Amino acid sequence: MNENDIKLLKHQLFLARSEIKNLRQQINGLQHIYQNDVQKINTAIQSFQCDGCKLKNQQQISTVNVNNGYHESTIENSVSFKPIGIIRSIFPEKRAVPRQASVASRLVSRIELDPTVFNNPEHSFEGLDKFSHIWIIYHFHRNQAHHKAKVAPPRLCGERVGVFSTRSPHRPCPIGLSLVQLEKIENSTVYFYGTDMVDETPVLDIKPYIPQYDVPFKFNEQFFSSREAPDGEENTEPTATTSGQCVSNATVPNWVTSEKELTVIFNKNATQQLQELAVDKIFTEIHRRHNEK
């Protein structure tokens, strides 16, 4: 066996490994699709009701009980919303999605408004381009309702805290809220920077970010005028009077602001793929250039 034969065999081995890697990725993708389909079928079976059961539930929802002189409504599973549009992002699966929008602050995604929501969808965005940032309220449609009272954030290394003290997507009502930077608006499509949503995420609402309302402040004396400006005419910055000062009044737990680095452990298959892609060399070069600055 000469040197050319050895090179040919190495090349064929590399191609075989690449094909195996592609097949594994396809299998993993099919497994995720299968699991999602099973979850949807289970949800449909569990939520299935005959006409008689639906009528009975509607009667229970509208029932008002009088207890100790006040009215107590018995409402269960009565809230439903129709999405106003969907988010288009580069993340087809939730595993690759950044945990916060600020992590991918230069990544552009878009909201495509459902044309059936308004007769003239583009009219609903009139004036929104005057704001630099917007709130997006959306549905974690890839997550089932999570009814555990405690979750384990990554930064707590396995320690559990109450779900309402975290931003975990696993919640009893899987609703997401992200603050993103508005890039542009074209007809009925909104482009924005900062993505932490999977592709085709249903959007429930869009609201402008207004610092004087959304940033918590502590007021030593009278800070704002007692008269509020009309909607759309608010100042983007708080206006202080000569007799008062504005101080941030927001606090968070230490584990939220901790700069502790998290350890990532790769399995053998991932390690082999990283070696084939020479990722270690790429990160070493990036680290070297960073240290030279």
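This is a predicted model: local features need pLDDT of at least 70, side-chain atom pairs count only at pLDDT 80 or more; totals for chains, interfaces and linings use all residues.
I started with Lys207 and Asp205, which form a salt bridge with the closest N and O atoms 3.1 Å apart (side-chain nitrogen of Lys or Arg within 4 Å of a carboxyl oxygen of Asp or Glu). Lys207 is partly exposed at 41% relative accessibility, and so is Asp205 at 27% (buried is under 20% relative accessible area, exposed over 50%, partly exposed in between, with a 1.4 Å probe and protein chains only).

Residues are numbered from 1 along each chain as its sequence is written, and side-chain values use heavy atoms, with hydrogens and water left out.

I counted up the salt bridges next: the structure holds eight. Arg88 and Asp199 meet in one, at 3.8 Å from N to O. That pair links strand β3 to the loop between β9 and β10, 111 residues apart (strands are DSSP runs of E, at least two residues, and helices runs of H or I, at least four, numbered from the N terminus). Asp199 is buried at 18%, while Arg88 is partly exposed at 25%.

Glu93 sits in the β3-β4 loop and Arg142 in the β5-β6 loop, so the pair ties together parts 49 residues apart in sequence.

Last, the barrel: six strands close in the order β3-β4-β9-β8-β5-β10, with antiparallel pairing (pairing takes at least two DSSP bridges). β4 and β9 share five bridges, and Ile111 has Val190 as its bridge partner in β9.
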